[in-house]
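Please open the structure in your viewer and keep the selection panel at hand.

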Amino acid sequence: MATPLTLPHDHQERLTLIRQTFPDATGPDLADHWRGGRLAALSTLATVDGIAYGRSRNFLDGAVTRLSPYLRHGCITLNEAIKAVKLKHGTRAEKLLFEFAWRDYWRQVWTMQGDTIRSDMESPKVAVGRAPIPADVLAGETGLPCMDAFISDLVNDGYVHNHARMWFAAYLLHWRKVDWRAAADWYEAQLLDGDIASNSLSWQWVASTFGAKPYYFNKENLEKYSAGRYCQDCTAQCPFDASYEALNQRLFGPSHAPARQYAVKALPGMSAPAGSKTTVLVHDEMLSPLHPLLAEAEHAVFIFDPALHGHWALHRLQFMADCLSEMEQVSVWVGDTRAVLSALDIGGIVTQASPNRDLQRLLAKFAVHWVAEEPIAEVQLRASDLKRFSRYWQKVGPQLLGDSHYRKP
Ligand SMILES: Cc1cc2nc3c(=O)[nH]c(=O)nc-3n(C[C@H](O)[C@H](O)[C@H](O)COP(=O)(O)OP(=O)(O)OC[C@H]3O[C@@H](n4cnc5c(N)ncnc54)[C@H](O)[C@@H]3O)c2cc1C
């Protein structure tokens, strides 16, 4: 049954309401240092140091931005972030602009390939595991202080540093032989920035099903970029303490897994709204009160739908409630998207285009006008340009950085 939800102005009261509304959502409340919404996004953006970022982003205590939850939910757009960083630092913030482009790249692949990104994009280059996630990993009790800390960051905070994501993904896939799809589903549900494209394709990049080789690491690498914080008191038998050559032999041996092929699914048709009345359907990638579609909206609705959000951890739902509390023109509902929209007198629907096929399927029986986001570069990207980031960057990089600053990755 569909129910409207009135979000309290007070943050603590909102946390409580969301906890009560979604009793099955797992994990702790949103940590105190996180606030969803555009205001929090703008103040985070104001603190970004694009120059320090370039020097230190690989270190756990480096000057990373923590913008991803805001970008993921559209509190600020990628273009806004790019413009702000360029205004502040120009192309001296090249490394950060380059990383922003990674987000766009994964999204372009998702748009073109659809649900297939949830399956092997290519044959794995090494034997990959197909095991479920082991209980000790789910409990955060692997006995390895580094991995247990990364699991705690994930489950308790919903944010994990990029390098820690890479180490953890490599540990799970190559040392523990877990199926990357099971790992990616679990990860996406816990992260505040959980994103089908960035997440699935990053796991595939580590697995080697979307890249030329698997990603793995050794103790020396982890110790250096974590400043020894996990290794100094560690008494565990370290599985990472070896040369890359020795680990390569130990983890992968000579065998190759067979190729797996999946069909590409077609996009549903996109049509203009019928009749004069329109409702803006606000979905989970457009949570900004300044979203252009809201400027002249007669009605705007957001729906917490179990089909889209039922697997997300509590702190993620609370983060979204923070965002929605700033969007006073939007009525918030809980229930099945089709049931809510059918019960309301909505007329046509207008919404931001999304590669999310689950959302597209939910809206298939309605007249929907999908409005594309402003691209970060005016380039035509073909499937062959999206085969590897380096090819995409050859087209997008010169526009983002200017020809004189563009360098091949
Ligand atoms: C296994 C794995 C899973 C991941 N899952 C997600 C996910 O669900 N959602 C998500 O947004 N990112 C994901 N990433 C990418 C990256 O780790 C995060 O975007 C980044 O750590 C977010 O923190 P930040 O905002 O402080 O990043 P910063 O390092 O400050 O980067 C600034 C912004 O650039 C973009 N960015 C940076 N690195 C990457 C990258 N490698 N891929 C894509 N975008 C990037 C993000 O939008 C990020 O907010 C994943 C990476 C790995 C290895």
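Begin with the ligand and select Ser68: a polar backbone atom of this residue lies 3.0 Å from an oxygen atom of the ligand, a polar contact being a pair of N or O atoms within 3.5 Å. The protein buries 97% of the 820 Å² that the ligand exposes when taken alone (accessible areas by the Shrake-Rupley method with a 1.4 Å probe).

A word on the model is needed here. This model is predicted: local features need pLDDT of at least 70 and side-chain atom pairs count only at pLDDT 80 or more, while totals for chains, interfaces and linings use all residues. Residues are numbered from 1 along each chain as its sequence is written, and side-chain values use heavy atoms, with hydrogens and water left out.

Next, select Tyr53, which has a polar side-chain atom 2.6 Å from an oxygen atom of the ligand. Then select Arg165, where the corresponding distance from a polar side-chain atom to a ligand oxygen atom is 3.4 Å.

Now display the shell of 28 residues around the ligand (those with a heavy atom within 4 Å of it).

Finally, turn to the open sheet, where six strands follow the order 1-4-3-2-5-6 with mixed pairing (two strands pair if DSSP finds at least two bridges between them). Select residues 278-282 and 348-352: strands 2 and 5 run parallel and are joined by three bridges. Val280 stands opposite Val350 in strand 5.

Technical notes. Polar contact = N/O pair within 3.5 Å; in protein donor to acceptor, adjacent residues only side chain to side chain. Helix = DSSP H or I, 4+ residues; strand = E, 2+ residues; numbered from the N terminus.
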